[in-house]
Amino acid sequence: MSDLHDIRHRFPGIASGTTSTNGDDWARFDGPAGTQVVDVAIEAAAQWQRSGNNANSHGAFAAAQACDALVDRASAVMGRLLGADPAGMVFGPSTTANMMALTRAIGRGLGPDDEIVCTTLDHDSNVSPWLLLAADTGATVRMAELDPATGRLEVDAVTSLIGPSTRWVAVTGSSNAVGTIPDVEAITRAAHETGARVVVDGVHLTPHRSVDVSAVGCDVFTTSSYKWYGPHAGIMWVQPDLLDDLDAYKVRPAPDRGPGRLQYGTPSWEALAGIEAAADFLLEVGLDAIAASEAERFARLIGGLHAIDGVRVVGPQDTADRAPTLMFEVAGRTPLAVAERLAAGRIAVWDGHNYAVEAMGPLGLDAEAGAVRAGISIYTSDDDVDRLLAATADLART
Ligand SMILES: Cc1ncc(COP(=O)(O)O)c(C=O)c1O
């Protein structure tokens, strides 16, 4: 059995003690919105702040040089984690902020004859920045539709919209709503054949699958370290030549080449220290081991939900090509009411659309109320799953 759940002791937020609001008696299925932080990432951020190295980059003294060395180390480990050239690592406050900086730069080169392909499977941080860009430039956004029958985004739903006017394709690596994983490699190949560039939103994929950006071949890949046991930050890999070519919105003294072009102001050094430690942790445990362990808990969860009368699992009913995240509804109860009842039993789930706003309609859900979302994380145990199933069965019965 691939079981990592004794790894729970590495997460102080759930491993130790119990307060009225938090503690080790909570079953946490809220990982897709943000995970608990692993011990080494907490310690690395604290240690950085204690060290005296808090300074700024490119200075003549030791602490400033320690800041530069930290950027180099964080970029290198992110390169190993994502299979990407470390020279393209842009560190920012969040993926949404990074996408706004990217699209603002891209927009300076777009006009009314240009097209962008987005998808209804995506989180809005990979849709709205493009819609805003289109409003500013006159470019057209075409939406590739997920298949309402399967909850999956087929390759040809995207590639059929790609034509000679397509300049950018923006597609998710994995849905944060229902976990499905589109074939971004095939989509990237098709886009590149017509000269279009590709942004893959890797935020929900990175904690659950081994990523190899160089094999995918995309031009931009985004991820957020607070989804994989690290601090709140966004890391956006941009193919280094593209990074230098973009007509970045930047302050004049900011570098003319490299990641500094899209990084606004001084990065959070303590976050970089945490990112380095969290990425090292993922590499140490191994994404394949994580995926195998999570797959077991996920099969238990989806199988258990299927067995409860009055529960509808939204989207795909199987576990193939899918991160361990699902949405479900309980007949006769709003998603919020379900989430509140589960919370009363110290089980954390999200309700609503989770910013996957385009996906709600095709999945047969109310645009605002959405559904209940439960995600498996590295620390989720069988006992957590059984508690969620038992509490949901109670709700469906009464
Ligand atoms: C798939 C996906 N993309 C993007 C984001 C946005 O990330 P951030 O909060 O870092 O802007 C999220 C956050 O939930 C997400 O799940």
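**View 1. Strand β5 inside its sheet.** Strand β3 (residues 115-119) and β5 run parallel and are joined by three bridges. Strands here count as paired if DSSP finds at least two bridges between them. Helices (H or I, at least four residues) and strands (E, at least two) are DSSP runs, numbered from the N terminus. This is a predicted model, so local features need pLDDT of at least 70 and side-chain atom pairs count only at pLDDT 80 or more, while totals for chains, interfaces and linings use all residues. Residue numbers start from 1 along each chain as its sequence is written. Look for Val-117, whose bridge partner in β5 is Val-169. On to β6 (residues 197-201): five bridges join this strand to β5, again with a parallel run, and Ala-170 has Val-199 as its bridge partner in β6. Six of the seven residues of β5 (residues 166-172) are buried, so this strand is largely enclosed by the rest of the structure. Buried means that 20 or more other C-beta atoms lie within 10 Å of the residue's own; exposed means 12 or fewer, partly exposed is in between, and C-beta atoms are placed from the backbone.

View 2. Axes are lines fitted to C-alpha atoms, for helices over the stretch in contact, and angles run from 0 to 180 degrees between N-to-C directions. Three bridges join β6 to β7 (residues 220-224), and these two run parallel; Val-200 finds its bridge partner, Phe-221, in β7.

View 3. Contact means that the C-beta atoms of two residues, placed from the backbone, lie within 7 Å.

**View 4. Around the ligand.** The ligand is surrounded by 14 residues, and the closest are Ser-94, Thr-96, Asn-176, Val-203 and Ser-224. A residue makes it into this shell if its C-beta atom, placed from the backbone, lies within 6 Å of the molecule. The shell has three nonpolar, 10 polar and one charged residue.

**View 5. The four-stranded antiparallel sheet.** This open sheet has the order β9-β10-β13-β12, with antiparallel pairing. Its edge strands, β9 (311-314) and β12 (350-352), each pair on one side only. Neighbouring strands are turned by 35 degrees against each other on average, direction ignored. Four bridges join β9 to β10 (residues 325-330), and Arg-312 stands opposite Glu-329 in β10. Helix α14 (residues 382-397) packs on the sheet and touches β9, β10 and β13, at about 20 degrees to the direction of β10.

**View 6. Helix α12 and Ala-337.** Helix α12 (residues 335-344) lies across β10, β12 and β13 (371-375), running at about 165 degrees to β12. Ala-337 sits in this helix and is partly exposed, with 15 other C-beta atoms within 10 Å. From Ala-337 to Leu-395 it's 58 residues in sequence and 9.9 Å in space, C-alpha to C-alpha.

**View 7. Two positive phi values in one loop.** Most residues other than glycine have a negative phi. Asn-354 lies in the loop between β12 and α13, and its phi is near 55 degrees, a positive value. Tyr-355 is in the loop between β12 and α13 too, with a positive phi of about 70 degrees. Buried or partly exposed? Asn-354 counts as buried, with 22 C-beta neighbours inside 10 Å, whereas Tyr-355, with 18, counts as partly exposed.

View 8. The chain is divided into domain 1 (5-33 + 286-397) and domain 2 (43-283), with bounds from an automatic or database domain assignment. Their C-alpha centres lie 27 Å apart. Domain 1 puts 25 residues into the contact and domain 2 puts in 27. On the domain 1 side, the elements giving two or more residues are α11 (287-306), β10 and α13 (357-360). The largest share, five residues, comes from α11.

Terms used: Ala, Val, Leu, Ile, Met, Phe, Trp, Tyr, Cys and Pro count as nonpolar, Asp, Glu, Lys and Arg as charged, and the others, Gly among them, as polar.
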